[in-house]
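This report describes the salt bridges of one protein model. Please look at the sequence and structure below before reading on.

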Amino acid sequence: QVQLVESGGGLVQAGGSLRLSCAASGRIFSINAMAWYRQTPGKQRELVASITHGVSTDYAESVKGRFTISRDNAKNTVYLQMNSLKPEDTAVYYCNADLIPSSGFRRVDWGQGTQVTVSS
């Protein structure tokens, strides 16, 4: 059983900051890439940022220079530091992990999501 649990969402004023965390737990052999996505009602889930096990990163154009993704491999945790937040960043944020469980095949697991609301 593998679980991804996000935390750190909330309400913040425009220009403010939030830090999201996502911890993977359970019977995990290894984790490859980890990523953050976001989704607003009526829209497709979009990739915000991703990070490989070797800490190579990639960002959506809309968040470059404002968001930073990082990870702690010892803790199986990925973070998303969000600065200079804008109302258009309002969404439910989901983490995912490309992982190999202790028994079974490589797969991608998702967290339950955390709401981020940016007021103008």
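## Lys64 and Glu61

Lys64 is partly exposed, at 43% relative accessible area, while Glu61 is exposed, at 63%. Buried means under 20% relative accessible area, exposed over 50%, and partly exposed in between, using a 1.4 Å probe and protein chains only. The two side chains form a salt bridge with an N to O distance of 2.8 Å. A salt bridge here is a side-chain nitrogen of Lys or Arg within 4 Å of a carboxyl oxygen of Asp or Glu. The rule gives six salt bridges.

## Basis of the values

The model is predicted: local features need pLDDT of at least 70 and side-chain atom pairs count only at pLDDT 80 or more, whereas totals for chains, interfaces and linings use all residues. Residues are numbered from 1 along each chain as its sequence is written, and side-chain values use heavy atoms, with hydrogens and water left out.

## Arg66 and Asp89

In the salt bridge between Arg66 and Asp89, the closest N and O atoms are 2.7 Å apart. Arg66 lies in the loop between β6 (57-59) and β7 (67-72), and Asp89 in the loop between β8 (77-82) and β9 (91-101), so the pair ties together parts 23 residues apart in sequence. Strands are DSSP runs of E, at least two residues long, numbered from the N terminus.

Arg66 and Asp89 are both buried. A network of salt bridges links Arg38, Glu46, Arg66 and Asp89.

## Asp109 and Arg107

Asp109 and Arg107 meet through their side chains in a salt bridge of 2.7 Å, N to O. Asp109 is buried, with 13% relative accessible area; Arg107 is partly exposed, at 35%.

Technical notes:
Helices (H or I, at least four residues) and strands (E, at least two) are DSSP runs, numbered from the N terminus.
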